[in-house]
Amino acid sequence: MALVYLGLGSNRERTQHILAGIRALHDRFASAERPIRVARVFESAAVGFDGHDFFNTVIELQTDLTLAEVVRTCKAIEQAHGHPSEVPKYSPRTLDIDVLLYDDVVCASPIVLPRGEVLKNAFVLWPLAELAPQLKHPQTGISFAQHWQSYASEQRLKPLEFAFESLPYLHTP
């Protein structure tokens, strides 16, 4: 069983798409034996382009799928929610799902892991540090709580009060 962390983001119909992404991931991965956990939702400015603010969160799940299968599943969920695969990296999103960590895997293919945004972007690091404070970054060996405590960026980030749909195998901190 692999422990996986996913970053979710949306800046188009944000509430609808974040909740739809959580539900789709819940429906695909959650069970009584393997519930998923969802961090708080944060509002953040767009990074890399001028656009509407994003809603972002991080999800923790366990799966027996390979990394490549998890990536394909996430891309299929994105596409089902109006995110075409050919859009530029820095552009508006209905739903963006990024694999941040897959166990302690460090690799360059099929995707780069751990994802660089984990330590770079507050909208990834803060919810990850809240969800898994003692988990250590596979390359630095430092916990995500420690990384967040030493984070020094001016990125604007605001935690939101967010009403999650009641799903049987969904846990929020």
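**View 1. Histidine 147 is tucked away in a predicted model.** With a relative accessible area of 13%, histidine 147 is buried (buried means under 20% relative accessible area, with a 1.4 Å probe and protein chains only). Leaving aside residues up to four places away in sequence, histidine 147 touches Leu119, Leu125, His137, Thr140 and Ile142, where contact means heavy atoms within 4.5 Å. This is a predicted model, so local features need pLDDT of at least 70 and side-chain atom pairs count only at pLDDT 80 or more, while totals for chains, interfaces and linings use all residues. Residues are numbered from 1 along each chain as its sequence is written, and side-chain values use heavy atoms, with hydrogens and water left out.

**View 2. Helix 4 is largely enclosed by the rest of the structure.** That's because nine of the ten residues of this helix (122–131) are buried. Among them are Phe123, Trp126 and Pro127, along with Leu125, which also turns up among the contacts of histidine 147.

**View 3. Strand 1 pairs with strand 4 and with strand 5.** Strand 1 covers residues 2–10, and eight of its nine residues are buried, so the rest of the structure largely encloses it. Nine bridges link strand 1 to strand 4 (residues 54–63) in the antiparallel sense, with alanine 2 standing opposite threonine 63. Strand 5 also runs antiparallel to strand 1, joined by six bridges; here valine 4 has tyrosine 102 as its bridge partner. Strands count as paired if DSSP finds at least two bridges between them.

**View 4. The second largest pocket holds about 170 Å³ of space.** A pocket is an open set of points on a 1 Å grid over the protein atoms alone, with protein on both sides within 12 Å along at least five of seven lines; lining residues have an atom within 4 Å of a point. Volume is the space filled by probe spheres set on the points, which are joined across faces, edges and corners. Helix 2 (67–80) and strand 5 (96–102) each supply at least two lining residues. The lining includes Val71, Lys75, Asp98 and Arg115.

**View 5. The largest cavity has about 30 Å³ of space.** In a cavity, a 1.4 Å probe fits but cannot get out. Helix 1 (residues 14–29) gives the most to this lining, with three residues. Leu19, Ile22, Arg23, Phe164, Glu165, Leu167 and Leu170 line the cavity.

Terms used. Helices (H or I, at least four residues) and strands (E, at least two) are DSSP runs, numbered from the N terminus. Buried means under 20% relative accessible area, exposed over 50%, partly exposed in between (1.4 Å probe, protein chains only).
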